[in-house]
Amino acid sequence: MPYLICLQAIIARECLRFMGQRGRFVAALVRPLVWLLIFAAGFRAALGLSILPPYPTQITYEIYIVPGLCAMVQLFNGMQSSLSLVYDREMGSMRLLLTSPMPRWWLLTCKLIAGTSISLLQVYAFLAIAAAFGILMPWQGYLLVFPALLLSGLMLGALGLALSSTIKQLENFAGVMNFVIFPMYFLSTALYPLSMMAESSALLGNLCALNPFTHAVELIRFALYGEFNPEATAWTLLTLILFLGFAVWGYDPARGVLRRKLGP
Amino acid sequence: MVTKLNDAALSIEKVTFRFGAKLALDQVSFSLRAGQFCALLGPNGAGKSTLFNLLTRLIVSQEGGLSIAGYDLAKAPRAALSRVGAVFQEQTLDLDLSAQRNLTYFAALHGLSGPKARRRIDEALERLGIADRASEKVRTLNGGHRRRLEIARSLIHEPAVMLLDEPTVGLDAASRRAIIEHVHALCADKSLTVLWATHLVDEVEAQDRLVILHRGKLLADGIAEEIAAGHTLTERFLSLTASELEEALA
């Protein structure tokens with residue numbers, strides 16, 4: 001019971017804070033919308049997509065990049081909510097959190113679930129605006145994508161937590177953009193199918209196939225069309241466990257970020 | 001099953017801590033009994049904050065032992081932490097949430113909710129004289145009230161030991177005095193053990209237990225007026241820290 005009280009409070013706090021930060025919400029929506037409404041519009045002429053699963057017919061480029069943009073929203077959210085813990089004013093609240101007598105793995109999991117809840121709100125808001133612009137998914141897809149988004153959100157949030165606990169150099173968001181967000185995003189199936197990437201370079205194709213972000217995108221893509229992608233699910237789940245394990249290790253009081261942060 | 005080690009409310013035994021090559025704490029030992037107020041006095045960089053980080057288990061000691069209310073912090077960290085109320089040097093309140101919400105959040109981190117949490121929150125706010133500000137956003141409160149709120153927060157789970165790391169930094173003289181008095185009263189009324197870190201000699205009262213820390217070493221431990229030994233405490237503190245410095249340079 002105390003565990004659930006703790007989880008509920010951490011989610012409630014994160015939601016209240018998010019509601020208060022209107023700028024963050026707007027930024028979270030504008031970013032994918034720029035890609036969808038400007039980039040995709042310009043790019044559709046340059047990129048001819050053949051029929052590829054899970055799509056039953058030929059699709060427009062806008063439809064293709066929606067799952068990648070959903071995952072991008074979650075990637076940004078994961079990075080923002082975790083890294084702000086360590087490098088921003090939030091260091092104080094992290095102290096408060098970690099001095100709670102709850103087990104540390106549970107506190108980090110609560111934080112992760114809370115961040116993921118916010119990312120779900122952001123993704124659904126994005127999907128609603130996309131729908132308003134006529135970029136529609138099958139109606140069941142909006143429901144079926146929920147568990148997929150939950151899993152991908154947890155995985156990407158766990159990646160943020162793991163990074164915040166271990167990597168010392170990522171002191172600002174620009175560093176994270178250059179070394180994490182951009183490579184993950186561009187080396188994935190968010191913007192182009194794996195086959196096209198593999199055609200231009202076998203190495204890049206392989207990197208794409210290994211990238212956990214690719215699996216998150218494919219998980220969402222298939223779920224939006226009511227299909228279950230076991231491979232993507234298994235990879236996303238596995239990387240979630242790995243990243244979360246890494247974060248718990250990194251936040252161990254005997255090592256990792258706190259020691260460096262609290263040092264002279 | 002978690003077993004108690006000893007009866008001291010707070011026990012620090014031969015604690016040594018290094019940040020890389022830098023020795024932050026060197027064989028520091030002292031213990032406090034229940035209901036004792038102890039000022040931990042030391043200039044900046046003395047190792048006070050490191051000791052607080054160890055006592056709140058944000059980091060763990062490499063050598064030596066720490067126990068809180070009889071629970072070993074290394075062997076029974078959760079039992080020990082549930083008996084600690086901490087007020088950190090840096091602000092740890094959520095400015096955009098109300099005072100009440102900040103406290104509710106903290107109560108939940110300790111597994112408290114519902115009427116029990118509400119009652120404890122009301123009591124703590126009342127105790128610190130800020131009950132009328134409960135619904136205000138923390139951002140609208142002044143520095144003194146924010147500190148009082150943090151002290152109120154640290155009482156909600158009814159800790160045995162309260163740790164305050166330079167809690168009066170940035171406050172005006174009247175707010176400082178009010179907070180010192182509040183904490184002394186808590187010590188007396190609730191039999192709460194208090195470790196109060198400061199670099200300001202005037203925050204130490206003649207009858208307080210006093211531990212002086214300098215460059216990671218314990219220089220003095222006793223009752224403040226006995227340590228002062230007929231001088232003012234400021235003179236004594238400066239001479240102690242200066243002679244240690246001379247020894248180090250010699």
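**Figure 1. Pairing of strand 9 with strand 10 in chain B of the predicted model.** Strand 9 (residues 209-214) of chain B and strand 10 of chain B run antiparallel and are joined by six bridges. In this pairing, B:Leu210 has B:Gly222 of strand 10 of chain B opposite to it. The two strands belong to an open sheet of six strands of chain B, whose order is 6-7-8-3-9-10 and whose pairing is mixed. Strand 10 (217-223) of chain B is one of the edge strands of this sheet, the other being strand 6 (84-87) of chain B, and each of them pairs on one side only. From one strand to the next, the twist averages 15°.

**Figure 2. Helices of chain B packed on the six-stranded sheet.** Helix 1 of chain B packs on the sheet, where it touches strand 3 (37-41), strand 6, strand 7 (161-165), strand 8 (193-198) and strand 9 of chain B. The direction of helix 1 of chain B makes about 145° with that of strand 7 of chain B. Helix 5 (residues 143-155) of chain B also packs on this sheet, touching strand 6 and strand 7 of chain B, and its direction makes about 165° with that of strand 6 of chain B.

**Figure 3. The four-stranded sheet of chain B and the helix packed on it.** This open sheet of chain B has four strands in the order 2-1-4-5, and the pairing is antiparallel. Its edge strands, each pairing on one side only, are strand 2 and strand 5 (71-72) of chain B. Helix 1 (residues 48-55) of chain B packs on this sheet and touches strand 1, strand 2 and strand 4 of chain B, while its direction makes about 65° with that of strand 2 of chain B.

**Figure 4. Strand 1 of chain B with its partners, strand 2 and strand 4 of chain B.** Strand 1 (residues 10-19) of chain B pairs with strand 2 (residues 22-32) of chain B in the antiparallel sense, over seven bridges. Bridge partners along this pairing include B:Ser11 with B:Ser31 and B:Val15 with B:Val28. The two strands form a hairpin with two residues between them, and in the turn B:Gly20 has a positive phi of about 65°. Strand 1 of chain B is also joined by five bridges to strand 4 (residues 63-68) of chain B, again running antiparallel; here B:Leu10 stands opposite B:Ile68 of strand 4 of chain B.

**Figure 5. Packing of helix 3 against helix 4 in chain B.** The axes of helix 3 (residues 99-109) of chain B and helix 4 (residues 114-127) of chain B lie 10 Å apart, and the helices pack at an angle of about 125°. Because of this angle, helix 3 of chain B is oblique to helix 4 of chain B, and their crossing is right-handed. From helix 3 of chain B, the residues B:Gln100, B:Leu103, B:Thr104 and B:Ala107 meet B:Ala117, B:Arg120 and B:Ile121 of helix 4 of chain B. The residues of this contact divide into four nonpolar, two polar and one charged.

**Figure 6. Packing of helix 1 against helix 5 in chain A.** The axes of helix 1 of chain A and helix 5 (residues 104-132) of chain A come within 9 Å and cross at roughly 40°, so helix 1 of chain A is oblique to helix 5 of chain A. The crossing of these two helices is right-handed. Helix 1 of chain A contributes A:Tyr3, A:Cys6, A:Leu7, A:Ile10, A:Ile11, A:Glu14, A:Cys15 and A:Phe18 to the contact, whereas the residues from helix 5 of chain A include A:Trp106, A:Cys110, A:Lys111 and A:Ile118. The contact residues divide into 12 nonpolar, two polar and two charged.

**Figure 7. The side of chain A that touches chain B.** In the predicted model, 26 residues of chain A are in contact with 26 residues of chain B. On the side of chain A, the elements that give two or more residues are helix 1 (2-20), helix 4 (91-98) and helix 12 (257-262) of chain A, and the largest share, nine residues, comes from helix 1 of chain A. The residues on this side divide into 15 nonpolar, seven polar and four charged. Chain A averages a pLDDT of 87, and 89% of its residues score at least 70. Helix 12 of chain A, however, has the lowest mean pLDDT among the elements of the chain (62), and helix 10 (residues 212-224) of chain A has the highest (96).

Definitions and conventions: Residues are numbered from 1 along each chain as its sequence is written. Chains are lettered from A and ligands numbered from 1 in the order in which they are written. This is a predicted model: local features need pLDDT of at least 70, side-chain atom pairs count only at pLDDT 80 or more; totals for chains, interfaces and linings use all residues. Two strands pair if DSSP finds at least two bridges between them. Two residues are in contact if their C-beta atoms, placed from the backbone, lie within 7 Å. Ala, Val, Leu, Ile, Met, Phe, Trp, Tyr, Cys and Pro count as nonpolar, Asp, Glu, Lys and Arg as charged, and the others, Gly among them, as polar. Axes are lines fitted to C-alpha atoms, for helices over the stretch in contact, and angles run from 0 to 180 degrees between N-to-C directions. Angles under 35 degrees count as roughly parallel, over 145 as roughly antiparallel, 65 to 115 as roughly perpendicular and the rest as oblique. A crossing is left-handed if the near helix is turned anticlockwise from the far one by less than a right angle, and right-handed if clockwise. pLDDT is the predictor's confidence in each residue, from 0 to 100.
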